[in-house]
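Biologist: I've got a structure open and I'm a bit lost. Could you walk me through how to read it?

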Amino acid sequence: MISVSGLVVHLAGQAVVNDLSFSLAPGEFVALAGPNGAGKSTALKAVAGIAPIGSGSVRIGDRDAAGMNRSTRARALAWLPQFRPVAWNLCAEDIVALGRFIESPAPYIRLGAADRAAVDSALVKSDAAHLAGRAIHTLSGGEQARVHVARLLASPAQNLLLDEPCASLDISHQLSLMQTLSNEAASGRAVMVVLHDLELAARYCSRVIVLDGGRKVADGPPESSLSDDVLRRVFAVQRGPSGGLVRAG
Amino acid sequence: MSRLTLILGLMSAALFALSALAGSAPMPIADTLAALVWQGDDAGRVIVWEIRLPRAAAAFAVGAALGLAGAGLQGLLQNPLAEPGVLGVSAFSALFAVIAIFFGLTAFSALVLPLAAILGAAAATAILAVAALRGAGSVTLLLIGIGLSSLAGALMSLAMNLAPNPYSLSDLVNWMMGSVANRSWADILLAAPALLVGAALVLVAGPGLRALSLGEETAASLGADPRRTRLLVIGGTSLLAGASVATAGTIGFVGIVAPHIVRPFVKHDPQSLLVPSALLAGMILLVADIGVRMLPLQQELKLGVAAALVGGPVFIWIAARLGRASP
């Protein structure tokens, strides 16, 4: 359970997230949408404790996130950044094993049975089991993304925040990833994803939060938060004759 | 303990015994072996126990310290070319030691030289760490290292000009070129505490180094503490580099070559890299020192010079390959 109220985040003196309030309950699968520069990634970082909070509060479970230490936070919440450079040519399974860091800060081969099982099952869920022994820099962009998603799924955290997990995935893997995340929510986790594909969001997510210029402009089930008015005003698109989205104008 | 560590450890032990056989004084193998188990005549025992073994121990300890410092700094700065010698850490360490020698501070206590060397290493590492903290990339850090090295060289010349102490210049040059000749057990004992504490600090930072592979923000989100990791590695490598400079002068490149060789065997994991790199670097310097002892030259080749003769080209080769991998 995450509850955010009155969140303000400044970057270089500018409020890129302004007076944002929302909640994310266990079992929910929520999309965070909005045009480029709307403040989606920054909002996610602030909730994850990575970007400093200007004002407002973030509560994780029944505790104020500001007073939480690193390990408590890492046990409660896992974050997938939008950009995922890996400094060394690590093995995929060792990257996924880092998802268990707070339980056991060891490479895959030295993990205990329970941690190893969590890594194995996460690799299967993100369709990356066959990549387990490969070096990360030898994988394609989409394959790397699936390994990083597996790192998140392997985490002990019940709250998952993913920044554009579908970017660079082929269409089939986008669909299967959304299904996997939906299953995670169904099993009791709270999942929030930053998404640009509004149709994907509408199809899989129980709720869509729309940001524009750092402020929340809609929050609700996809059919209400992605109304014709919001689509035109925020995203500058409208539903075309065939049902797909086309540029408004 | 991994199998790789075990193999390298056994090889180190074998090499160490072998090093007792190597030396400028002609001595039959049987006599050497007898002296090793404390048999035979006094002269043989002195040669083996007071000359050859302490020298071998110094070479191995200095090599292992530089290998561990290199692997630790590489993990922290995420650059396979990082090493105390390349980054100017050893040069600053030598500078502080030279200042201590030339201004007569070493007369107060035997601890002054190692302390000065460690302080110098810490000063240079802190400068690099601040730059890394402010987002300096690999190239910037290496350039800062080059700047620190030349600055230390210039300041060393200045210190020699201004020094009131008529310390023999040739002694100093000998020491700065790097050598473990004539080191005694006392020299090693003096450096041991700094070496052991430094090694412990770097090893404790190991898991944090692996987390840092995903970047500082992700590492923090995993529950790691990047700031603590940075302090541990900076403190640890300062102690390791400082103590090795105090023991053997400046010896470069070992700290780059060893981790580079080990990395593919540990799946590029910055934590699993640490101990095998230390063992391999210790062996490399021990072999180099045996070679230096055996070379039939008028005057013994300095260990630091030998290390640079081999390590310099390897450094250039690694750098050239890196350039191709990431233009």
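Predicted model: local features only at pLDDT ≥ 70, side-chain atom pairs only at ≥ 80, totals over all residues.

Biologist: How do I read the two faces of a strand?

Modeller: The general idea is that side chains in a regular strand alternate between the two faces of the sheet. Now try β7(A): Asn159(A), Leu161(A) and Asp163(A) are on one side, Leu160(A) and Leu162(A) are on the other, and all of them are buried. That's 5 of 5 residues buried in this strand, residues 159–163.

Biologist: What lies across β6 and β7 of chain A?

Modeller: Helix α5 of chain A, residues 141–154, does, and it runs at about 175 degrees to β6(A).

Biologist: In what order do the strands of the sheet come?

Modeller: Read across chain A and you get β6-β7-β8-β3-β9-β10, an open sheet of 6 strands with mixed pairing. β6 and β10 (215–220) of chain A each have a single partner strand, so they stand at the edges with one side lacking a neighbour in the sheet. On average, neighbouring strands here are turned by 15 degrees against each other, ignoring direction.

Biologist: Do β9(A) and β10(A) pair in the parallel or the antiparallel sense?

Modeller: Antiparallel, over 5 bridges, with β9(A) spanning residues 207–212. Within that pairing, Val208(A) has Gly220(A) of β10(A) as its bridge partner.

Biologist: Now for chain B. At roughly what angle do the axes of helix α4 and helix α5 of chain B cross?

Modeller: They cross at roughly 140 degrees, and the axes of α4(B), residues 89–102, and α5(B), residues 112–133, come within 7 Å. That angle is why α4(B) counts as oblique to α5(B). The crossing is right-handed.

Biologist: Which residues meet there?

Modeller: Among them are Phe92(B), Leu95(B) and Phe96(B) from α4(B), and Leu113(B), Ala116(B) and Gly120(B) from α5(B). The residues of this contact divide into 15 nonpolar, 3 polar and no charged.

Key: Residues numbered from 1 in each chain as written. Chains lettered and ligands numbered in written order. Axes fitted to C-alpha atoms, helices over the stretch in contact; angles between N-to-C directions. Helix = DSSP H or I, 4+ residues; strand = E, 2+ residues; numbered from the N terminus. Parallel < 35°, antiparallel > 145°, perpendicular 65-115°, else oblique. Left-handed = near helix turned anticlockwise from the far one by under 90°. Contact = placed C-beta atoms within 7 Å. Nonpolar A, V, L, I, M, F, W, Y, C, P; charged D, E, K, R; others polar. Buried ≥ 20, exposed ≤ 12 C-beta atoms within 10 Å, placed from the backbone. Pairing = 2+ DSSP bridges.
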